[in-house]
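Let's take a walk through a protein model together, going from the whole chain down to single residues. Keep the picture open beside you as you read.

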Amino acid sequence: RDLVRSRGLGDVYKRQGIDTQNAINYSLTHNQQLVTVHGKGLQRVRLYTINGLLINEQAATHLDEVNLSLAHLVPGVYIVQVMANNQVHTHRLFKR
């Protein structure tokens, strides 16, 4: 507790070996029609079926936001892959 209060969270992360310089900072939101990924350092967003079939992808050229349509998809579970700052993160998406 004293370390967090006296030096701040950045110091705690550095001491634990967490790279705060290249941390991914984005938000992923969706409704039943659209997936939106917003944040700095975005490179590409991909949408897959639960079986791994690529459905849609969009490169984030100079934009801080990527939108993928869900309108044509049947209800089910999908995988959203976000590439940002040379790191890849996956998210599960449920469409009703």
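Buried residues make up 25% of the 96 residues in the chain; here "buried" means under 20% relative accessible area, "exposed" means over 50%, and "partly exposed" is in between (1.4 Å probe, protein chains only). Before going on, note that this is a predicted model, where local features need pLDDT of at least 70, side-chain atom pairs count only at pLDDT 80 or more, and totals for chains, interfaces and linings use all residues. Residues are numbered from 1 along each chain as its sequence is written, and side-chain values use heavy atoms, with hydrogens and water left out.

You'll find 2 helices and 7 strands, and from the N terminus on they run α-α-β-β-β-β-β-β-β. Helices (H or I, at least four residues) and strands (E, at least two) are DSSP runs, numbered from the N terminus.

How do the strands team up? In general, strands of a sheet pair through backbone hydrogen bonds, either parallel or antiparallel. In this model, 3 strands form an open sheet in the order β1-β2-β5, with antiparallel pairing (two strands pair if DSSP finds at least two bridges between them). β1 (26–30) and β5 stand at the edges with a single partner strand each, so one side of each has no neighbour in the sheet. On average, neighbouring strands of this sheet are turned by 10° against each other, direction ignored; the axes are lines fitted to C-alpha atoms, for helices over the stretch in contact, and angles run from 0 to 180 degrees between N-to-C directions. β1 and β2 share 5 bridges in the antiparallel sense, and Leu28 stands opposite Val37 in β2.

Along with Leu42 and Leu47, Val37 has the most contacts inside the largest nonpolar core, which has 16 residues. Such a core is a set of buried Ala, Val, Leu, Ile, Met, Phe, Trp, Tyr and Cys residues joined through side-chain atoms within 4.5 Å. At least two residues of this core come from each of β2, β3 (42–49), β5 (65–69) and β6, and β6 gives the most, with 4 residues. Leaving aside neighbours within four places in sequence, Val37 is in contact (heavy atoms within 4.5 Å) with residues including Leu28, Leu42, Val66 and Val82.

Buried or exposed? Thr36 counts as buried because its relative accessibility is 16%. The side chains of Thr36 and Asn67 are joined by a polar contact of 2.7 Å. That term means a pair of N or O atoms within 3.5 Å; within protein, one must be able to donate a hydrogen and the other to accept it, and residues adjacent in sequence count only if both atoms are side-chain atoms.

Finally, follow β6 into β7. These two strands run antiparallel and are joined by 9 bridges, with Gly76 standing opposite Lys95 in β7. They form a hairpin with 2 residues between them, and Asn85 in the turn has a positive phi of about 50°. Asn85 counts as partly exposed because its relative accessibility is 31%. Asn85 and Asn25 are 60 residues apart along the chain, and their C-alpha atoms are separated by 9.3 Å.
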